[in-house]
Amino acid sequence: MKPDYYPDAGSQPRQYFAHSANGCGKWHSLAEHLTSVSKIAKEFLQGQSGAEEAALAGLLHDLGKYGERFQARLHGKDKGLDHWSQGASLALRCRAVAAALAIEGHHIGLQRGSKDSLRRLLPDNLSAAVLPGLALSEPDVERLESLAARDGIEFCVPSSFVLDSWAQAVAAMLDVRLLFSCLVDADFLDTESHFEGDTQGKRPRPEGQKLDASSALAALDAHMAALRVSTRAQIAVQQARETLWNAVVRAGQAEPGTFTLTAPTGSGKTLAMLKFALEHAKKHGLKRIILAVPFLTVIEQTARIYRTVFKAAQDNFVLEHHSLAGLGAEAEQRDAEGANERQRRLLAENWDAPIVLTTNVQLLESLFSNRPSSCRKLHNLMDSVILFDEAQSLPQHLAVPTLAALSHLSASYHSTVVFATATQPAFDTLNEAVKKHAVQGWQPIEVVPEHPALFATLKRVAVRWPETDEKRTWAQLAAELRGVDQALVVVNLKRHALALLNELTGTESVFHLSTNLCAEHRRAVMDRVRDQLAAGLPCRLVSTQCVEAGVDVDFPIVFRAMAPLESIAQAAGRCNREGRLNEQGRLGEVVVFEPDEEGGWRKRFPTHSYYQATQVTQTLLNLHDNSLDINDPEVFRAYYHKLYNLNDPASQNADLTRAIQALDFVEIAKIYRLIVQDAIQVLVPWADRYDEFLALRTEADRQGISTNWMRRAQGLAVSVYRTNDGSPDWAIQAKLRRGGVSDEWFILQGDFYDDTLGLNPPKGEQVFIA
């Protein structure tokens with residue numbers, strides 16, 4: 001079906017279009033698109049003061065498509081056009097600054113909110129504001145407004161606005177991002193419904209499931225009842241878990257806000273968090289639950305638990321959004337033809353699901369992003385319970401702006417934020433610094449006020465600290481390991497793990513876990529370790545920190561290299577986890593040791609901040625006669641006080657602070673990174689999945705790699721820090737399907753992947769992600 005458009009000189013389009021024909025030959029009416037996006041965006045922000053401004057943004061976002069040049073572009077007769085700045089200019093005239101920024105950014109990303117940047121969008125300056133290489137589809141904004149009016153599009157000045165001040169900049173910029181999220185998701189959805197349409201018209205995607213908190217609670221309670229019957233945990237452990245369970249039920253009735261949930265390792269925190277969230281959602285009519293965790297090992301473990309709890313629910317009741325989602329054997333069995341995975345990926349675009357499992361990187365970097373694809377889901381954080389497990393992993397240099405954003409999200413958008421961990425950071429001491437960015441500051445309520453008693457009840461380990469100047473060589477540690485059947489060793493660096501493994505050559509039942517192993521390999525190692533432990537067979541696991549936070553294993557003895565206090569406590573959480581040794585009248589044993597390693601902090605610790613935190617631990621140890629009680633929450637509070645006094649999180653990231661003060665969305669998105677160093681992905685030939693590796697390598701060689709290839713390759717990839725020396729000699733850059741080569745994806749060449757060590761390239765200094 002050909003549109004009613006005549007490109008001859010002097011003629012005007014009798015109908016204006018937003019998009020070209022779909023598969024059924026139907027063209028997308030511009031007036032209909034603007035009206036639909038306006039309606040959807042307003043619905044997303046319904047109940048908020050910015051709903052009318054969201055509606056205005058929807059009406060104006062593609063105003064430039066009324067330009068004759070854009071209509072010609074739909075026929076391939078023009079290109080390189082800016083069709084968004086005109087609508088942004090008109091929004092600014094309406095004093096709708098947030099809408100102007102959102103409209104300007106809906107293709108190129110949010111830009112800058114300073115007065116100088118906004119002046120570029122005034123009609124007289126508009127031509128100079130266009131990005132290099134682009135031209136306005138129509139420079140006359142009034143003409144575009146007139147054409148839209150003929151199409152029945154009327155623009156009304158909102159009665160209230162999203163922005164009234166930039167004084168608390170983090171909060172104000174989050175307000176802009178949330179309106180931006182409403183606009184871009186509405187735009188994506190309406191455009192998709194056009195191109196998925198048929199002869200009957202547009203075909204919107206089905207909405208995700210709604211959270212039925214009552215039914216979900218019934219499933220969780222039934223699961224817990226079964227666990228109570230089958231548990232082998234010590235009676236004291238069971239009683240502590242019941243105490244925690246009752247506490248979260250009570251706290252779930254509180255008003256929405258910010259909370260901490262402090263509970264010892266092994267107390268059942270994973271399911272208790274879910275119980276709190278469902279009780280809270282039921283009480284306040286909240287729409288979804290979002291759980292963010294710092295490590296993929298934890299998210300996969302949590303996903304397995306949640307899938308078991310909600311096994312009777314429909315597919316994607318629990319939605320996973322992370323790099324390994326949909327790649328495991330369980331996913332393959334559930335989804336042989338790929339339909340469920342396609343649906344999961346659609347829902348992951350905007351988190352349209354009752355329960356979302358994601359990573360800290362995905363959630364927090366989106367809160368500070370400027371890109372449409374990353375910000376699209378943010379509006380679904382409103383009216384939600386947002387849980388952060390292992391909250392101690394939040395980097396200090398990002399703490400203040402992160403707390404400000406989450407505080408504002410909770411206070412202004414009817415959401416609840418929970419920081420859960422056994423080693424609760426003293427973030428409340430940063431309250432005054434947070435108030436500079438969000439008026440509410442950070443003053444969370446503790447979900448489990450009786451948590452000190454829980455820690456005392458669940459004392460399951462005795463910690464042996466090193467004597468002054470006492471050090472262990474790797475050979476000495478290896479000898480100690482040979483003297484026990486089951487033990488976990490956690491070291492600070494991968495090269496330390498490799499040194500110890502070298503000393504253990506010839507010792508039976510030795511396993512290695514680090515991110516030198518690809519994700520699928522790590523998963524297999526942990527499954528085998530759990531099997532060995534459950535069967536009472538020998539098992540000696542040498543690991544980096546990736547085993548610590550939330551990984552469910554239970555060793556009778558743990559050796560931990562000297563580290564930040566929270567890391568030592570997390571490692572201790574892998575020792576006597578179920579309290580079974582207590583039934584024998586003894587505790588698990590945690591041995592903290594100082595490796596006999598020469599050199600400065602770079603030779604002994606992964607980062608300078610890690611080194612500083614270790615020094616604070618050592619200082620506290622010296623002050624307490626070489627003994628610290630890791631079961632005492634007050635010890636951790638004293639530790640964090642000293643740590644924050646030493647490095648002052650509020651002043652740690654000057655570049656980010658300047659970008660926030662400048663209201664520079666672009667620069668903030670570049671600087672706000674949980675993982676600071678740039679990395680490349682190396683596809684590796686793990687023996688157990690060698691056929692899959694060959695298929696991926698062959699596809700890359702013959703066709704080049706695509707987004708779908710990258711997703712399938714994630715499970716067989718090892719992340720390696722990019723160095724200043726250029727590409728590694730032992731891997732080749734993958735070809736891109738669209739031409740050229742990838743600067744992110746490489747394919748391992750040669751026999752440099754070991755079944756125990758993982759990626760083990762030729763000798764030479766190379767730093768891996770830890």
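What share of the contacts in the protein with a separation of 6 or more comes from residues 24 or more positions apart? In this predicted model, such pairs account for 76% of those contacts.

The protein contains 31 helices and 23 strands. Its C-alpha atoms fill a box of roughly 90 × 60 × 50 Å along the principal axes. The radius of gyration is 28 Å, which agrees with the value near 27 Å that a compact globule of 770 residues would have. Of the 770 residues, 58% are buried. The protein exposes about 31700 Å², with carbon and sulfur atoms supplying 48% of that area. As for charge, there are 81 positive and 94 negative side chains, and the centres of these two sets lie 2 Å apart.

Ala31 belongs to helix H1, which covers residues 30–44, while Ile153 sits in the loop between helix H8 (141–150) and H9. The two residues are 122 residues apart in sequence, yet their C-alpha atoms are 6.9 Å apart in space. Ala31 counts as buried because its relative accessibility is 11%, under the 20% limit. Ile153 is buried too, at 4% relative accessibility. Setting aside residues up to four places away in sequence, Ile153 touches Ala31, Leu34, Thr35, Leu59, Tyr66 and Ala148. With neighbours within four places likewise left out, Ala31 is in contact with Tyr66, Asp151 and Ile153. A contrasting pair is formed by Ile153 and Ser627, which are 474 residues apart along the chain and have C-alpha atoms separated by 73 Å.

Two helices show how buried residues can be arranged around an axis. In an α-helix there are 3.6 residues a turn, so residues three or four places apart point the same way. Helix H28 spans residues 654–661, and Leu656, Ala659 and Ile660 are buried there. Viewed down the axis of H28, these buried residues fall within an arc of 100°, so they line one face of the helix. They pack against three helices, H9 (169–195), H18 (399–412) and H29 (665–671).

Helix H21, residues 474–482, has Trp474, Leu477, Ala478 and Leu481 as buried residues. Down the axis of H21, the buried residues likewise fall within an arc of 100°, so one face of this helix is lined by them. Their packing partners include both strands and a helix: strand E13 (486–490), helix H22 (494–503), strand E15 (539–543), strand E16 (557–561) and strand E17 (588–593). In the loop between strand E12 (461–464) and H21 lies Glu467. Is Glu467 buried or exposed? Its relative accessibility is 54%, so Glu467 counts as exposed, the limit being over 50%. Glu467 and Leu244 are 223 residues apart in sequence, with 36 Å between their C-alpha atoms.

Most residues other than glycine have a negative phi. Leu663, however, takes a positive phi of about 55° although it is not a glycine. At 9% relative accessibility, Leu663 is buried. Asn316, which is not a glycine either, has a positive phi of about 65°. The loop that holds Asn316 runs between helix H13 (296–309) and strand E7 (318–321). With a relative accessible area of 10%, Asn316 is buried.

One further stop on the tour is Ser117, a residue of helix H6, which covers residues 115–119. At 12% relative accessibility, Ser117 counts as buried. Ser117 and Leu101 are 16 residues apart along the chain, and their C-alpha atoms are separated by 10.0 Å.

Terms used:
Residues are numbered from 1 along each chain as its sequence is written. This is a predicted model: local features need pLDDT of at least 70, side-chain atom pairs count only at pLDDT 80 or more; totals for chains, interfaces and linings use all residues. Side-chain values use heavy atoms; hydrogens and water are left out. Helices (H or I, at least four residues) and strands (E, at least two) are DSSP runs, numbered from the N terminus. The radius of gyration is taken over C-alpha atoms; the globule rule is 2.2 Å times the number of residues to the power 0.38. Buried means under 20% relative accessible area, exposed over 50%, partly exposed in between (1.4 Å probe, protein chains only). Contact means heavy atoms within 4.5 Å. Accessible areas come from the Shrake-Rupley method with a 1.4 Å probe; for residues, only the protein chains shown count as cover. Lys and Arg count as positive and Asp and Glu as negative; His and the chain ends are not counted. The place of a charge is taken as NZ of Lys, CZ of Arg, CG of Asp or CD of Glu. The arc is that of the directions from the helix axis to the C-beta atoms.
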